[in-house]
Amino acid sequence: MAPSTYSAAPASSSAAPLAPLVDAQLNFLLSDSTLPVKQVGQIWSGCRNRRYADRFTLAIPFCLDYVYWDFMYNAMYPKVAPDVLFGPDDEGFQPLVDYDDTGNGDKSCLAQWDFRDPRGLMCLVKELRLLYIEYQKKRVAEVDDARLKFELSTVLAKEGIEVCMVSLTDRPDEVKFAVPLLDLDFTKLVPGCPWKFPQKIHLQAIFPVSRSYPSVPPAPRLKLISTPDLKSFFSVDGFKLPTWIDGMCMAEYIPRLEENLQIQVVEASASIGSRRRFIEALAPTFGRPLEADAIFCRKATVLSISGIFTFLVHFAIPLQFPKQQPILTLQSSQHCNSQGIPITSHPINDYPWSPRWDPTEMVERIYDFLVDECQNFKKLCSDGCSQTR
Amino acid sequence: MAVGDSAAAAAGAEEVKLSISGAALAALLHRCGAAAGDCDGLLFGRASRPPAPAPALSDYDDDHHNGPAAPCLSISVSGHSSLSSPSSLSDPLGCFRPMTAASSTQTPIGFFSSSRRRHAPLRPSMRELALARSLSKTLPPPAPVAHPLLFVLVSPSASPDLSTHSFDYRAFLLLGSRLVPASLAVVNVGPGFRDQYHSFVPESPFPSLPTPAHESAGGGSIGEHKAVDSMVEGFGLGRLQGLVGAAAGQAAEMDAMYAGMLRRLETLAREVEKSNHRVLEQEKRNLMLRYRSAGLE
């Protein structure tokens, strides 16, 4: 699904603006929540005269994916609490019917709906999401598979775990587990951290549902998934998952995985420090950087001169620094191509390097390398310009 | 209705024929289209289980009657009542809230909800499902034929310049705790719908005329006099008695009674017209107040 197209201003002149009270609730949810909810698609109106829009679709994070629910207000009747339309596959999710059966309805935020309270929608979304998590757990528990029943009984108690049924038309059904790993606060590992939402690494494990009882059940499909902002700090793609041994269960696997992960996360945190020292070491040799990523220390740019040829050097510093060397890109300040874009070199990462050098030596070696390399680049720039002429 | 899960499952197993008269559907859609926003209301009609299939009228369709036809439940919608506002039937949690003005003489066979939706095919929302469950628990057991609760979901839409209005609708039956889509046949006048007329049983009770007490000289109480007088506009009970008592040839008297009734009808029509105006004005005032409370000004 397309990412959020919602903005405070109406998307186009033809679309009616959201009714003010609804808009306040939606804005509060989108900006102030610890839950990264997105508004997707066009808003629409439930009024006959269509002066105000009052309905929209929200993408609500669930089990490392999103569920799409329609929220329907009534601009003309603001006191009426909104109604919700769930996905086509969730016919069995009936929160209000369950409230009626258990008699817990008065605890719902719908029971004391205050249309002037901007927190209304956020409370409703959170309440329904929790009920949805429980609903999916119940669905998975009904699956007739001895191994899944065992997995559920051992890991379901883990806090924050989410499971869901994945029904496929061409394959047997699957059960997806989303297990939060490492109960640690990543913001404390990154000084000056800009993250708005709490960051998490999840293990996604997909088990095929088998109604027969094979002697060795197939291994689940395993994958680590992190929240998007975490990528600039720690790459889950670069992490090698421990192997799944036949006959293993998640309760055995997860502690082993968390142990390895913990070590690497601590290394990633230490890597920020070494990247910072590298950037600081640039100043004596290259002069003070024009730009530098001060938080994750992944990028720095310096201005260099060789004779009268002025150019920029962009340093892209990998997460595995200093094991992997920075990638250099040269950009001319004097030459542009036919589209008016400054000419840049190919990324360079084949220059002499040793992770054992101290930062000053690293920078000096790069400087020595660039003294020769910039001549090649200068030639490339002049050729490029003469060709366009 | 007190339909438990087992009974509902049994109802689900048998075929249910849903129908609505063209006029009732038109009135329902007009109600949905004319409301300022969403609206909901109750549906009235009757459920019946024809004991035997109608006898074949022609020689050609013998194939139909080779096997014994399964007894099939038919539910027909004949009308609706609505307050023309959203969630008038339920509280925010979808519990049925009886309308104060609803007449208690008839038991609803279901309810409808009109809401501008975006996704096709139409699906019941969270609250509609809860209302269906709650309504089926609240309503008295349907007599004489037990049937699942009917739900009609309408989604009005209009072209950008509001010149063309279209209505998407879908019927559902509450089976167990699920609303299962069902096809809804529209019954119109014409030879194609003869079966419907065969199975028609009139339901509207004939207004009961007060029977004059023969033994008493006064001929009924003053209240009865007044009631009949208002019905026939000046055509007194005495004259009516004369009419009933006399043998024949009372054309003039008949004419007088007819004219009296026409006069009465005309005054009624005037009153309706006037009150309609007042309703419209009140609706305008309500709309302004609603705008103000929603902060839309």
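Biologist: Which residues have the most contacts inside the largest nonpolar core?

Modeller: This is a predicted model. Its largest nonpolar core has 69 residues. Those with the most contacts inside that core are A:Phe56, A:Leu58, A:Trp69, A:Phe71, A:Leu121, A:Val125 and B:Phe111.

Biologist: With which residues is A:Val125 in contact, leaving aside its neighbours within four places in sequence?

Modeller: A:Val125 is among the residues with the most contacts inside the largest core. Once the neighbours within four places in sequence are left aside, its contacts are A:Leu29, A:Leu35, A:Val37, A:Leu58, A:Ile60 and A:Phe71.

Biologist: How many residues are in the second, separate core?

Modeller: Its members include A:Val143, A:Val175, A:Leu257 and A:Cys374. A:Cys374 has a relative accessibility of 4% and counts as buried. The number of residues in this second core is 67.

Biologist: Why is α1(A) oblique to α3(A)?

Modeller: Helix α1 of chain A covers residues 20-32, and its axis lies 7 Å from that of α3(A). Angles of 65 to 115 degrees would count as roughly perpendicular, and those under 35 degrees as roughly parallel. The packing angle is about 60 degrees, so the pair is classed as oblique.

Biologist: Which residues make this contact, and how many of them are charged?

Modeller: α1(A) supplies A:Gln25, A:Leu26, A:Phe28, A:Leu29 and A:Asp32. From α3(A) come A:Gly120, A:Leu121, A:Met122 and A:Val125. By class there are six nonpolar and two polar residues, and the number of charged ones is one.

Biologist: Which residues of α4(A) and α6(A) make the contact between these helices?

Modeller: Helix α4 of chain A (residues 146-155) packs on α6(A) at an angle of about 50 degrees, with the axes 9 Å apart, and the two are therefore oblique to each other. The contact divides into four nonpolar, one polar and one charged residues. They are A:Glu151, A:Thr154 and A:Val155 of α4(A) and A:Met250, A:Ala251 and A:Ile254 of α6(A).

Biologist: How far apart in space are A:Glu267 and A:Leu319, C-alpha to C-alpha?

Modeller: A:Glu267 is found in helix α6 (residues 250-286) of chain A. A:Glu267 is partly exposed, with a relative accessible area of 45%. In sequence, A:Glu267 and A:Leu319 are 52 residues apart. Their C-alpha separation in space is 9.8 Å.

Biologist: How many disulfides does the structure hold over all chains?

Modeller: Take A:Cys109, which is buried at 16% relative accessible area. The closest cysteine sulfur to its own is in A:Cys123, at 5.4 Å, which is too far for a bond. Over all chains, the number of disulfides is zero.

Biologist: What percentage of the residues in chain A are buried, and what percentage in chain B?

Modeller: Chain A has seven helices and 13 strands, while chain B has seven helices and eight strands. Of the 389 residues in chain A, the buried ones make up 47%. For the 297 residues in chain B, the value is 35%.

Biologist: Among contacts in chain B between residues at least 6 apart in sequence, what percentage join residues at least 24 apart?

Modeller: In chain A, residues 24 or more positions apart account for 55% of the contacts with a separation of 6 or more. For chain B, among contacts between residues at least 6 apart, those joining residues at least 24 apart make up 71%.

Definitions and conventions. Residues numbered from 1 in each chain as written. Chains lettered and ligands numbered in written order. Predicted model: local features only at pLDDT ≥ 70, side-chain atom pairs only at ≥ 80, totals over all residues. Heavy atoms only, no water. Core = buried A, V, L, I, M, F, W, Y, C linked by side-chain atoms within 4.5 Å. Buried < 20%, exposed > 50% of the residue type's maximum accessible area, 1.4 Å probe, protein only. Contact = heavy atoms within 4.5 Å. Axes fitted to C-alpha atoms, helices over the stretch in contact; angles between N-to-C directions. Helix = DSSP H or I, 4+ residues; strand = E, 2+ residues; numbered from the N terminus. Parallel < 35°, antiparallel > 145°, perpendicular 65-115°, else oblique. Nonpolar A, V, L, I, M, F, W, Y, C, P; charged D, E, K, R; others polar. Disulfide = S-S within 2.5 Å.
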